[in-house]
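The stops below are given in the order in which to select them.

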Amino acid sequence: MPVLQYMHPVLETARSIGSQGDPYTVSAEFYDILQADEDDRRVRQLYGPTVATARLGVLDVGAGTGRVTLLGLAASGVNVHAVEPARSMRAPLMSRLAALPAQQRARVSVHPGTLGEADLHGIADVAVCHNTIACLAPDARRALWPALRTALVPGGRLLLQLPPARVPAGESVRELPVQRMGEHEYGGRLVTSPAGNRIRTRFDYWVRGTHTATQRHSETFWMWPATPAELLSDLRRHEFDASTAHHDPAVLAVVRRHTR
């Protein structure tokens with residue numbers, strides 16, 4: 001008798017994220033298993049040396065599941081403020097922080113909503129925006145700059161992971177490394193494509209098990225490109241100046257100006 005292969009019917013869900021609703025309700029399930037290890041290495045490389053110099057506080061804007069937040073707790077002895085508007089991403093962030101020793105938990109505050117809504121004043125001398133600026137529409141970016149100025153003390157340093165400088169000419173696809181957990185394999189891909197003055201970013205995820213239906217899920221986000229010069233021009237209007245202390249081309253480093 002021939003060996004029968006298991007059939008894999010497909011269950012699909014899809015979600016498109018515009019300016020409304022809670023984003024990441026699909027991606028929050030898959031982020032840590034598919035992307036967090038690579039992102040953790042990137043975070044330590046891009047921000048670790050600067051975060052280690054913090055003497056007042058570390059501000060993590062767009063904290064997600066907490067890579068920069070955990071770096072702030074591990075690399076410094078100061079208070080850390082994690083700002084994350086999306087409830088679906090705050091849930092794993094809170095679970096991760098709840099598992100820390102009490103002494104570390106005492107140093108971290110999680111703020112729901114935007115940085116402007118958190119209304120933080122002079123609480124940090126290092127701020128990081130990782131995987132954040134690209135996802136903010138122009139109006140949201142303009143609202144972020146004065147909130148960052150208020151949250152940072154004069155002389156405080158701000159590190160921004162740069163968004164794409166321009167809309168791509170065509171579609172590109174990047175496969176995410178396949179990961180296994182128990183009886184299931186997890187995988188996915190990132191598809192980016194031009195959409196007017198924006199970039200459409202779609203994450204396609206799949207989960208495959210020996211005895212279960214293959215599940216497919218997707219979530220679409222938007223990114224708004226900007227050049228480093230454009231961002232720096234905006235920031236200078238809000239009391240920030242360019243810094244020469246950081247040399248990675250993926251990051252724009254600025255310093256909160258001392259005002260008279």
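Begin with Arg208, which lies over the face of Trp206, at 4.2 Å from the ring centre. A charge counts as over a ring if NZ of Lys or CZ of Arg is within 6 Å of the ring centre and within 35 degrees of the ring normal. Then select Arg198 and Trp222: here the arginine lies over the ring face at 3.8 Å from the centre.

A note on the model before moving on. It is predicted, so local features need pLDDT of at least 70 and side-chain atom pairs count only at pLDDT 80 or more, while totals for chains, interfaces and linings use all residues. Residues are numbered from 1 along each chain as its sequence is written, and side-chain values use heavy atoms, with hydrogens and water left out.

Next, show the aromatic rings. The structure holds five aromatic pairs; rings of Phe, Tyr and Trp (its six-membered ring) pair if their centres lie within 6.5 Å, with planes under 30 degrees apart counted as stacked, over 60 as edge-to-face and the rest as tilted. Select Phe203 and Phe221: their ring centres are 6.0 Å apart and the planes stand at 80°, so this pair is edge-to-face. Phe203 belongs to strand β9 (residues 198-209) and Phe221 to strand β10 (residues 214-223), 18 residues apart. Strands are DSSP E runs of at least two residues and helices H or I runs of at least four, numbered from the N terminus. Both Phe203 and Phe221 are buried, meaning under 20% relative accessible area, where exposed is over 50% and partly exposed lies in between (1.4 Å probe, protein chains only).

Now select Leu59, Leu115, Leu148 and Leu158, the residues with the most contacts inside the largest nonpolar core, which has 26 residues. Such a core is a set of buried Ala, Val, Leu, Ile, Met, Phe, Trp, Tyr and Cys residues joined through side-chain atoms within 4.5 Å. Its largest share, five residues, comes from α7. Centre on Leu115: leaving aside neighbours within four places in sequence, its contacts (heavy atoms within 4.5 Å) include Leu59, Val83 and Leu148. A second, separate core of 23 residues includes Ala54, Val80, Ala82 and Leu159.

Finish at two loops. Asn131, between β5 (124-129) and α7 (138-151), has a positive phi of about 55° although it is not a glycine. Glu239, between α8 (228-236) and β11 (240-242), has a positive phi of about 70° and is likewise not a glycine.
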